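Here are my notes after going through the model you sent.

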Amino acid sequence: MGKLKSILGRIDDGLGAAEDLFIIVSHGAVASLVLLAVVMRYVFNDPLTWGEELVVGLFTWMIFIGAAGAIRSHMHIRIDVMGPVLANPKMNWLNTLTVIIGIVVVLTMMTACYEYVLQELVVESPMLGVSKAWFAMAMPTGLALMLIHVIRAWIDHGSAPVFRGETETLVATEGGVR
Amino acid sequence: MTLLLISFALLLVIGLPIALAMLGASLAVVLWEGIPLSVVAQRVVTGVQSFPLLAIPLFTLAGSLMNDSGISERLFSFTRAFVGHIRGGMAQTAIVGNIFLSGISGSSVADCAATSRVFVPQLSKAGYSAGFAAALCAACATLGPIIPPSILMVIYAWQANISLGDLFWAGVIPGLVMALAMVLLTAYIARRRQFPKDQAFAWARLWTEFRSAAWALFMPVLILVGFRMGVFTATEIAGVAAAYSLIVGLFIYRTLRWSQLPKILLSTAKETAVILLIVAAASPFSWILGIEQAPQLISQALTAATDSPWVILLLLNVALLVLGCFMETLAIMIILVPILIPVLNQFNIDLTHFGIILLVNLTIGQLTPPVGVLLFVASSVGKVKLSLLMREALPYVAVLIAALMVITNVPSLALWLPQALK
């Protein structure tokens, strides 16, 4: 069990690092392409016709991979009023139930994505002329990464902190006085 | 619709993130009704494939670059030189400073953390009670989503299909009305509690501090003028604002280093991803509400109750204030706006005016327990007991509700600027 935990931890860290690199590069590319489009359109009067589709495609990937990364950084938003209730050790069963339901939602959504990607395989994007499945793939990829992060966090730290939100994290790190 | 709303509420209460709760509820309905699952995936993915939404990561990036360049200190030094000489001057500095800070960051949580970090220790040292100091910082942060640029405005304009430029301009005067309400309340409290005066006024110091903060102060001007020109799209303006912030931080203030860039890009992209995953997850959710005819049902109920747009606005204000006490701002906005738009159109209520009313309502909700995110942030960052802070925050909630009533009943406060500039 210990060995399996360590292997999963290493895989998760590796994926997390790759994910972070992808997010940084894609966000930088999105910002640079938008600026390039402004310069081409207003300075050279020669708009990038393919630019908008490429930027939106990159943006879609950035969102879904970023959403997976946000699980690792505990940045997702949930109802804050439940924070103190869920932090109570007696409510651990509820945290476990929440994580299991979360995993079921992610797996069901991945099935939905599989059907959608198959539909999009034959559809071509209007400007870039590539299969729209390239855009549709962003979501199942992000969800798969999210699933790995959730399982790792659950195994390593228990169910309570898995879906901890931004404000709860801030309260925990700043050590506020309740 | 019952299955959708009940499963959503249950998933939220057990502590699932909002985006997953929305997806779970939509999937439950789709499975129950025998609709193909791929419909949900298609709605989610196409929900974020929108060029106007690209303004969100770029405005967030611009704000983060400015913050990491240490501009909040410069802005507060400038406002301190401006209003510090009056009684309770340091408290007034926090309010006026937030008017400028809101024009840069666009996130009330970020503004609240920045203000609390600077002001709670300073105000406590100067003799103000810690509860008052933290409550003030939380209250000031309500200006964030109202004074442009604002991420919530980008989402609302996209949902309501109205001009983001108009909405940004429409937020300026209501934001100042809210600030004025807080300034007057603070002046009253300062007189009653004999708060100290800060440094004496000097034109020379004001000029020096203004010069130091001028590049940061210019960013909201750049954004608003960009919209006024009417040639650029919101996303392009956000891109230019990000580039401007980068240049100011790297080459003018020289407080930003290239090595900080990856971290800033990473955190702002993740912040955006969290917001946009909710926007994306709301797409199948709203679609189901639409086919279940939720907008029509609400419209019929409201029409049966009254035919006056003012009564409708009053009812909506009460409902939003109550909802804001229990629900997360972004979730309320994303779920309610598509349902309310047909109702608003039926009663000829201006969507830009309503956008401002909605945002003021929701930001007041951030200041009221039990889901007062600004209270939690100010309490944690300022290290102040939540109960102390809540008591001191109540008068600020009261004056902000008064400001909301004025903004609701005088539409020209929001609509005059965008119309005058056309």
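**Notes on helix packing and a few local details**

1. Starting with chain B of this predicted model: the axes of helix α10 (residues 164-193) of chain B and α19(B) come within 9 Å and cross at roughly 145 degrees. The crossing of α10(B) past α19(B) is right-handed. On the α10(B) side you'll find B:Pro174, B:Val177, B:Met178, B:Ala181, B:Met182, B:Leu185, B:Thr186, B:Ile189 and B:Arg193, and these meet B:Glu392, B:Pro395, B:Tyr396, B:Val399, B:Leu400, B:Ala403 and B:Ile407 of α19(B). Sorted by class, that contact has 13 nonpolar, 1 polar and 2 charged residues.

2. Setting aside neighbours within four places in sequence, B:Tyr396 is in contact with B:Phe132, B:Leu136, B:Ala139, B:Met182, B:Leu185, B:Thr186 and B:Ile189. Take B:Thr186: 210 residues separate it from B:Tyr396 in sequence, yet the two are 8.8 Å apart in space, C-alpha to C-alpha.

3. Helix α19 (residues 386-409) of chain B also packs on helix α17 (residues 351-365) of chain B, with axes that come within 10 Å and cross at roughly 170 degrees. The two helices, α17(B) and α19(B), are therefore roughly antiparallel. From α17(B) the contact takes B:His353, B:Ile356, B:Ile357, B:Val360, B:Asn361 and B:Ile364, and from α19(B) it takes B:Val397, B:Leu400, B:Ile401, B:Leu404, B:Ile407 and B:Thr408. Which classes do the residues of this contact of α17(B) with α19(B) divide into? There are 9 nonpolar and 3 polar residues, and no charged ones.

4. B:Asn361 has another point of interest. B:Ala319 and B:Asn361 are 42 residues apart in sequence and 9.5 Å apart in space, C-alpha to C-alpha. B:Ala319 belongs to helix α15 (residues 309-326) of chain B and is partly exposed, at a relative accessible area of 38%.

5. Back on helix α10 of chain B, have a look at B:Asp166, which lies in it. Is B:Asp166 buried or exposed? It counts as buried at 19% relative accessibility, and the cut-off for buried is under 20%. Not counting residues up to four places away in sequence, B:Asp166 touches B:Thr352, B:Pro418 and B:Lys422.

6. Now for helix α2 (residues 18-33) of chain B. With 16 residues, α2(B) reaches 23 Å from its first C-alpha to its last, close to the 22 Å expected. The helix α2(B) is mostly covered, with 12 of its 16 residues buried; among them are B:Ile18, B:Leu20, B:Met22, B:Leu23, B:Leu27 and B:Val30. The cover for the buried residues of α2(B) comes from both chains: it includes α4 (92-120) and α6 of chain A, together with α1 (2-13), α3 (38-48), α13 (261-291) and α16 (329-346) of chain B. After α2(B) comes B:Gly34, with a positive phi near 75 degrees.

7. Helix α6 (residues 138-157) of chain A has 20 residues and reaches 28 Å from first C-alpha to last, close to the 28 Å expected. Its buried residues include A:Met139, A:Leu143, A:Met146, A:His149 and A:Arg152. A:Gly158 follows α6(A), and its phi is positive, near 85 degrees.

8. A:His27 counts as buried, at 0% relative accessibility. Neighbours within four places in sequence aside, A:His27 is in contact with A:Met62 and, from chain B, with B:Pro57, B:Leu61, B:Leu265, B:Thr268 and B:Ala269.

9. Finally, some backbone details in chain B loops. B:Pro148 and B:Pro149 are joined by a cis peptide bond, omega about 0 degrees, and B:Pro149 is in the loop between α8 (130-140) and α9 (151-160) of chain B. B:Asn161 is not a glycine but has a positive phi of about 55 degrees; it lies in the loop between α9 and α10 of chain B and counts as exposed at 70% relative accessibility. B:Gln293, also not a glycine, has a positive phi of about 65 degrees. The place of B:Gln293 is the loop between α13 and α14 (294-305) of chain B, and at 46% relative accessibility B:Gln293 counts as partly exposed.

Notes: Residues numbered from 1 in each chain as written. Chains lettered and ligands numbered in written order. Predicted model: local features only at pLDDT ≥ 70, side-chain atom pairs only at ≥ 80, totals over all residues. Heavy atoms only, no water. Axes fitted to C-alpha atoms, helices over the stretch in contact; angles between N-to-C directions. Helix = DSSP H or I, 4+ residues; strand = E, 2+ residues; numbered from the N terminus. Parallel < 35°, antiparallel > 145°, perpendicular 65-115°, else oblique. Contact = heavy atoms within 4.5 Å. Nonpolar A, V, L, I, M, F, W, Y, C, P; charged D, E, K, R; others polar. Left-handed = near helix turned anticlockwise from the far one by under 90°. Expected span 1.5 Å × (residues − 1). Buried < 20%, exposed > 50% of the residue type's maximum accessible area, 1.4 Å probe, protein only.
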